[in-house]
Amino acid sequence: MAKWFGLLKTSHSYDDVRLQALASKMHAPLNNAVIGADSIRRFFHMKLDDIQAYYKKFQEIGPNSDGLLSQEQFLLGLGIEDPEKSVEWARVFELLDEDGDGFIDFRVYLIGMAFANTELDNEDVLKAVHQIFDSDGDGFLTLQEFTSILHNACPSDELYTPRSIKEIFERVDENKDGKIAISEFTKYCSEHPKISESFHLWRKNFQIRPLPGVRTKLAGGGAGAMISPTPSDFRADSKEAKAPEGKAE
């Protein structure tokens, strides 16, 4: 996911030094606080305080001794106990876990949270939708995967029958190879604002209640934009967070 936004990891920045100071106070691995925070902060229009708030939450979830979260911990941190009840969020974790080892560090976690809760341009949202529903990760959407997109984004739209979806699929598939590439998907959706708008509305399902003091602007704006998951325990304690005990290995 970081690659979509061009957020390549950089060397130490002033923000990283400040984040390392927080990591030291929390007895957390210092190397996990070197994340190229300045580039992430600028891209998502975040404050350093916002990043530090997410860092505290990350530590509260309970990363292992290497400062990494498993998929189970990631989902539990969102209040999701059963991954099967939130297939999309499980897929988001897979996209964040670019090396496929089953763990993510704080930098990747932060980008995922920022993606869910900040304004993005239309193309970035469409790319994200394509990759979330590309269940086998081959870079293309099958008719089944495309059907899943429309049923999730437009569950109450009776116009999307199996026949109509197949007709749309064939129009989107410009080179007629039986699958939809990201370029074909983004082009078609950009030319059909109603579909793009449906995906923006659907993305609100990923929005989470922001941590206290986090000023990142929510896409869509307003409390009404926050649907689910919205676990009550997502808000960090306003006091200084303590180092988690009994971290999972």
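Buried residues make up 52% of the 249 residues in this protein. What you are looking at is a predicted model, so please read every value below as computed from its atoms. The chain folds into 11 helices and 4 strands. Its accessible surface comes to about 12,400 Å², and carbon and sulfur atoms hold 50% of that. If we take the contacts with a separation of 6 or more, 67% of them join residues 24 or more positions apart.

Let's start on the inside. The largest nonpolar core has 61 residues. Which of these touch the most other members? They are Phe 74, Trp 89, Phe 106, Tyr 109, Phe 146, Phe 185 and Phe 199. Helix α6, residues 106-117, gives the most to this core, with 9 residues.

Trp 89 also belongs to the buried residues of helix α5. That helix spans residues 87-96, and because 8 of its 10 residues are buried, α5 is largely enclosed by the rest of the structure. Besides Trp 89, the buried set in α5 holds Glu 88, Ala 90, Arg 91, Val 92, Phe 93, Leu 95 and Leu 96. Note that Glu 88 and Arg 91 are both on that list.

## Helix α10 and its surroundings

Helix α10 covers residues 182-191, with Glu 184, Phe 185, Thr 186, Tyr 188 and Cys 189 as its buried residues. What do these buried residues pack against? The partners are the helices α7 (122-133), α8 (143-153), α9 (162-172) and α11 (193-203), together with the strands β3 (140-141) and β4 (180-181).

Leaving out residues up to four places away in sequence, Cys 189 touches Leu 126, Ile 195, Ser 196 and Phe 199.

Leu 126, in turn, lies in helix α7 and is buried at 0% relative accessibility. With neighbours within four places in sequence set aside, its contacts are Phe 185, Thr 186, Cys 189, Ser 190, Ser 196 and Phe 199. Phe 185, Thr 186 and Cys 189 are among the buried residues of α10.

## Where α7 crosses α11

Two packed helices are described by the angle between their axes and the distance between the axes. For α7 and α11, the axes come within 10 Å and cross at roughly 70 degrees. By class, the contact of α7 with α11 has 7 nonpolar, 3 polar and 1 charged residues. On the α7 side we find Asn 122, Val 125, Leu 126, Val 129, Ile 132 and Phe 133. They meet Ser 196, Phe 199, His 200, Trp 202 and Arg 203 of α11. An α-helix has 3.6 residues a turn, so residues three or four places apart point the same way.

The table lists some residue pairs with their separation along the chain and the distance between their C-alpha atoms.

| Pair | Separation along the chain | C-alpha distance |
|---|---|---|
| Gly 36 and Arg 107 | 71 residues | 8.2 Å |
| Cys 189 and Val 172 | 17 residues | 8.7 Å |
| Leu 150 and Ser 198 | 48 residues | 8.8 Å |
| Leu 126 and Ser 183 | 57 residues | 9.8 Å |

Leu 150 is found in helix α8 and, at 2% relative accessibility, counts as buried. Gly 36 sits in the loop between α1 (14-25) and α2 (37-44).

## Two loop residues with positive phi

The loop between α1 and α2 is also the place of His 27. This residue has a positive phi of about 55 degrees although it is not a glycine. His 27 counts as exposed, because its relative accessibility of 65% is over the 50% cut-off.

Lys 176, in the loop between α9 and β4, likewise has a positive phi of about 55 degrees without being a glycine. With a relative accessible area of 57%, Lys 176 is exposed.

Terms used. Residues numbered from 1 in each chain as written. Predicted model: local features only at pLDDT ≥ 70, side-chain atom pairs only at ≥ 80, totals over all residues. Heavy atoms only, no water. Buried < 20%, exposed > 50% of the residue type's maximum accessible area, 1.4 Å probe, protein only. Core = buried A, V, L, I, M, F, W, Y, C linked by side-chain atoms within 4.5 Å. Contact = heavy atoms within 4.5 Å. Areas by Shrake-Rupley, 256 points an atom, 1.4 Å probe, with all protein chains shown as cover. Axes fitted to C-alpha atoms, helices over the stretch in contact; angles between N-to-C directions. Nonpolar A, V, L, I, M, F, W, Y, C, P; charged D, E, K, R; others polar.
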